[in-house]
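Biologist: I have this model open and would like to go through parts of it with you.

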Amino acid sequence: MTWLDFFCHPLWVVSTALLAAVVRLQRRPRWDPRTCDVRLTGKTAIVTGANTGIGKFIALDFARRGARVILACRSETRGTAALHEIRAKTGNLDVHLRLVDLSCMDSVREFAGRILKEEKALHILVNNAGVSGLPKEITKDGFEASFATNHLGPFLLTNLLLDLMKSSSPSRIVTVSSVNHKKGEVDFSHFHGENLVYCMDQVYNHTKLHNIICTNELARRIKETGITANSVHPGVVMTEVLRHYPRWIRWSFNIIGFFFFKSPEEGAVSPIYCAVAEELEGVTGKYFHSDCSLVLPAPLARDAALAVKDFEVCERLTSKL
Ligand SMILES: NC(=O)c1ccc[n+]([C@@H]2O[C@H](COP(=O)([O-])OP(=O)(O)OC[C@H]3O[C@@H](n4cnc5c(N)ncnc54)[C@H](OP(=O)(O)O)[C@@H]3O)[C@@H](O)[C@H]2O)c1
Ligand SMILES: *[C@@H]1O[C@H](CO)[C@@H](O)[C@H](O)[C@H]1NC(C)=O
């Protein structure tokens, strides 16, 4: 029997399909956006990285619920394509594209400045954009590129939009982190690209840990303002997230993923849950799993003293002084 015969054998095919079905049933979230009738008419939402992957389905859901949706994307071409798609699919014409490169602090300041000038309110901010597997690179601000994109840019953006969100409260900040944060560590020299190993997603894992730490500290700082801030793991999702990886890794991911991983639409469920579910009103400083359950993040993400320090370091790094 050749390998091909083996893999095409009906028994093999049937058992794989059965296993995949069980996996799918198992990972069904305990909340379904399709049966949640929350409307967002009169609300404004920003979704970063909304042109593809998870972000596009988050934006699509908000548009369906009648929100004014701002797609915060870095590419005009890719952003415009998503804009047209979302408008066509939902019939909501109050969807707009604004350009921002989260790895560049000046671009974040410019974007936030325009939002503050043009928008009367902001009720939902989803920090979704993120990269994995970027090669080592230092940005013109002097930051390691993955840390700038995944953490410092979104951190600055959130802080710059805070007053607008306060005046629009109740409002919600949702940060798309990852279960990978559990393997992350905190070392402030990482922000400048020191002491990093570019292997096995290590850099990504660190950035996703900072996401949760700073979201929790933000939640503590803004407790009485009517803004909530939570982090969420979307699951393992078939998106373009591996675009910087070698082809063989992407192919294996896609083949296995076809059976076992989530679609981008399924990956959007837990972030949407955090942004709209009524039962989460007032819930803040928490971390949610991809099945929408409230879970504890890693111990480092629960260290309050570390959070104070991390937040201060990030504030200093992103301040203009
Ligand atoms: N996929 C997974 O299995 C998984 C698991 C856990 C967590 N996550 C998290 O989920 C979030 C969404 O990822 P995804 O899987 O949907 O990935 P994706 O398909 O690669 O989408 C990432 C989005 O982020 C945008 N982006 C990247 N760098 C940017 C920058 N410098 N400025 C502005 N936007 C930028 C991308 O824009 P362009 O298209 O223009 O590049 C794209 O819209 C990320 O935070 C990721 O860490 C994903
Ligand atoms: C990053 O996290 C992933 C998922 O938890 C893990 O497989 C990988 O080994 C981690 N990388 C490092 C260097 O710890």
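Biologist: Which residues does V69 touch, not counting those up to four places away in sequence?
Modeller: V69 touches A45, V47, A59, F62, A63 and V95; touching, or contact, means that C-beta atoms placed from the backbone lie within 7 Å. This is a predicted model, where local features need pLDDT of at least 70, side-chain atom pairs count only at pLDDT 80 or more, and totals for chains, interfaces and linings use all residues. Residues are numbered from 1 along each chain as its sequence is written, while chains are lettered from A and ligands numbered from 1 in the order in which they are written.

Biologist: How many residues are in the largest nonpolar core?
Modeller: That core has 76 residues, and V69 is one of the six that touch the most other members, with V47, I58, A59, F62 and L71. Such a core joins buried Ala, Val, Leu, Ile, Met, Phe, Trp, Tyr and Cys residues through C-beta atoms within 7 Å.

Biologist: Where does the largest share of this core come from?
Modeller: From α6, which supplies nine residues. Helices (DSSP H or I, at least four residues) and strands (E, at least two) are numbered from the N terminus.

Biologist: How do α6 and α11 cross?
Modeller: Helix α6 covers residues 145–167 and helix α11 covers residues 304–318; their axes come within 10 Å and cross at roughly 80°. The two helices are therefore roughly perpendicular to each other, a label for angles from 65 to 115 degrees. The axes are lines fitted to C-alpha atoms over the stretch in contact, with angles from 0 to 180 degrees between N-to-C directions.

Biologist: Which residues meet there, in α6 and α11?
Modeller: On the α6 side they are L152, F155 and L156, and they meet C314, L317 and T318 in α11. By class, this contact of α6 with α11 has five nonpolar residues, one polar and no charged ones. Ala, Val, Leu, Ile, Met, Phe, Trp, Tyr, Cys and Pro count as nonpolar, Asp, Glu, Lys and Arg as charged, and the others, Gly among them, as polar.

Biologist: Staying in α6, is T149 buried or exposed?
Modeller: T149, which is in helix α6, is buried, because 24 other C-beta atoms lie within 10 Å. Buried takes 20 or more, exposed 12 or fewer, and partly exposed is in between.

Biologist: What is T149 in contact with, leaving aside neighbours within four places in sequence?
Modeller: The contacts of T149 are L102, S103, G130 and V131. The C-alpha atoms of T149 and C104 are 7.8 Å apart, although 45 residues separate the two in sequence.

Biologist: And A112, buried or exposed?
Modeller: A112 counts as buried because it has 22 C-beta neighbours inside 10 Å. A112 is part of helix α5, and leaving aside neighbours within four places in sequence, A112 is in contact with L157, L160 and L161.

Biologist: What about V100, where is its place?
Modeller: V100 is in the loop between β3 (95–99) and α5 (105–118). With 26 C-beta neighbours inside 10 Å, V100 counts as buried too. Beyond four places in sequence, V100 is in contact with A72, R74, S107, V108 and F111.

Biologist: New topic, the ligands. How many residues surround ligand 1?
Modeller: Ligand 1 has 30 residues around it, and the closest are G49, G53, A129, G130 and T239. A residue is included if its C-beta atom, placed from the backbone, lies within 6 Å of the ligand. Helix α3 (residues 53–64) gives the largest share of this shell, three residues. The shell divides into 11 nonpolar, 14 polar and five charged residues.

Biologist: Which residues are around ligand 2?
Modeller: They are N180, K182, K183, M200, D201, Q202 and N205. By class, one is nonpolar, three are polar and three are charged.

Biologist: What is the phi of M200?
Modeller: About 50°, a positive value, although M200 is not a glycine. Most residues other than glycine have a negative phi, and most peptide bonds are trans. M200 is in the loop between β5 and α7 (202–221) and is exposed, with 9 other C-beta atoms within 10 Å.

Biologist: And what is phi of C292 near?
Modeller: Near 75°, again positive in a residue other than glycine. C292 is in the loop between β7 (287–288) and β8 (294–295), and is buried, with 21 other C-beta atoms within 10 Å.

Biologist: Last one: is the peptide bond from S169 to P170 cis or trans?
Modeller: The bond from S169 to P170 is cis, with omega near 5°. P170 lies in the loop between α6 and β5 (171–176).

Methods: Parallel < 35°, antiparallel > 145°, perpendicular 65-115°, else oblique. Contact = placed C-beta atoms within 7 Å.
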